[in-house]
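I opened my notebook to look up a helix pair and a strand with its neighbours. Here is the model I had on screen.

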Amino acid sequence: MNARTARPAAAAAAAVIMLASLSACGGDDAAAPSSGKAVVAGVEVVKDQKLYDLLPEKIKKAGKVRVATDVPYPPFEMYVKEGGTELTGLDYDLGQALGAKLGVTFAFSPQKFDGIVPAIQAGKFDVAMSAITDNKERQKVVDFVDYSQSGSGILVGDGNPAKITTLDDLCGRKVAVQAATNQLDLLKSHQDACAKAGKGKVDIQTFPKDSDAQLALRSGKVIAQVLTKPAAGWVAKTADSGKAFDLVEDPAAPGGYNASPNGIAVSKQLPELTDALQKALQSLIDDGTVIKIYNEYGVTSIAVKEATKNAAVD
């Protein structure tokens with residue numbers, strides 16, 4: 001699915017893969033100390049007083065932003081160790097960078113995904129960072145600061161032996177996909193294009209879990225797997241230390257096929273916080289910090305060049 005319109009069933013399975021090399025600190029109400037600086041993805045991020053001044057008095061007084069997140073959903077949010085409480089992931093690292101830039105602590109607390117927006121409405125959290133798709137229905141109750149775009153991606157064997165470069169190259173070939181996902185719908189909707197091109201339809205092989213589809217790809221039963229692009233990038237980076245799979249990068253679809261914006265959901269009661277977050281994010285984009293964070297998780301291509309607000313495409 002395109003980020004968190006809903007929760008893919010396979011998300012938990014890959015949550016703790018290859019996390020030892022990633023540094024993080026966290027847990028319930030997890031946050032880095034608000035010392036005015038933090039090192040994230042090898043970059044020292046320091047407080048910008050002008051951005052701090054934009055924060056609402058409520059946040060300044062508390063010294064922290066209360067962040068809801070649903071764990072695990074790799075590579076956006078994960079536990080460092082299975083059964084532990086320390087957090088890592090793209091959203092967590094980006095939150096620490098934003099907190100350091102704004103001069104406050106970003107305190108992450110696990111929350112079931114379906115309850116995140118209602119919890120913000122109830123005032124239990126100020127924001128949510130959980131790979132949430134920015135859509136118009138959610139915009140009725142929260143505002144979004146959009147920080148990435150993601151859709152479907154193509155995972156292939158190491159070295160891309162079948163030379164897959166675009167979705168069209170899957171025509172007439174065996175391709176793995178998890179059942180009941182947007183990715184399956186994408187492949188089905190592409191069948192007419194394959195037929196018109198005279199290449200034959202995609203031979204779609206469905207599996208109950210992404211991990212099962214990856215086993216089929218490893219064994220050569222299929223030439224590719226279609227899954228969310230962030231998940232594909234993470235698997236390509238971590239499986240067998242990056243030696244098992246490659247991520248196909250189609251220049252025509254940098255965020256993936258049918259990409260939608262993912263945003264930080266912010267309480268509508270805190271418009272000053274939305275403004276401060278948007279400006280802080282743009283600062284981190286401009287100085288290259290965002291790209292370095294995304295690169296840690298193998299998903300550089302889903303980063304946005306401009307921090308937008310409420311940019312839903314539905």
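Predicted model: local features only at pLDDT ≥ 70, side-chain atom pairs only at ≥ 80, totals over all residues.

**Entry 1: strand pairing.** I found β9 joined to strand β11 (residues 224-228) by three bridges, and the two run parallel. To place the pairing, I looked up Val-175, and its bridge partner in β11 is Ala-224.

**Entry 2: the other neighbour.** Next I turned to strand β10 (residues 203-207), which pairs with β9 in the parallel sense over five bridges. Here I noted that Gln-178 stands opposite Phe-207 of β10.

Entry 3: Is β9 enclosed or open? I checked its residues, 174-178, and four of the five are buried, so the strand is largely enclosed by the rest of the structure.

**Entry 4: a helix pair.** I then moved on to helix α3 (residues 90-102) and helix α11 (residues 289-296), which pack with their axes 9 Å apart at an angle of about 155°. Angles over 145 degrees count as roughly antiparallel, so α3 is roughly antiparallel to α11. I also wrote down that α3 passes α11 in a right-handed crossing.

**Entry 5: who touches whom.** Which residues make this contact? From α3 I listed Leu-90, Asp-93, Leu-94 and Ala-97, and from α11 Val-290, Ile-293 and Tyr-294. Sorting the residues of this contact, I got six nonpolar, one charged and no polar.

Key: Residues numbered from 1 in each chain as written. Heavy atoms only, no water. Axes fitted to C-alpha atoms, helices over the stretch in contact; angles between N-to-C directions. Parallel < 35°, antiparallel > 145°, perpendicular 65-115°, else oblique. Left-handed = near helix turned anticlockwise from the far one by under 90°. Contact = heavy atoms within 4.5 Å. Nonpolar A, V, L, I, M, F, W, Y, C, P; charged D, E, K, R; others polar. Buried < 20%, exposed > 50% of the residue type's maximum accessible area, 1.4 Å probe, protein only. Pairing = 2+ DSSP bridges.
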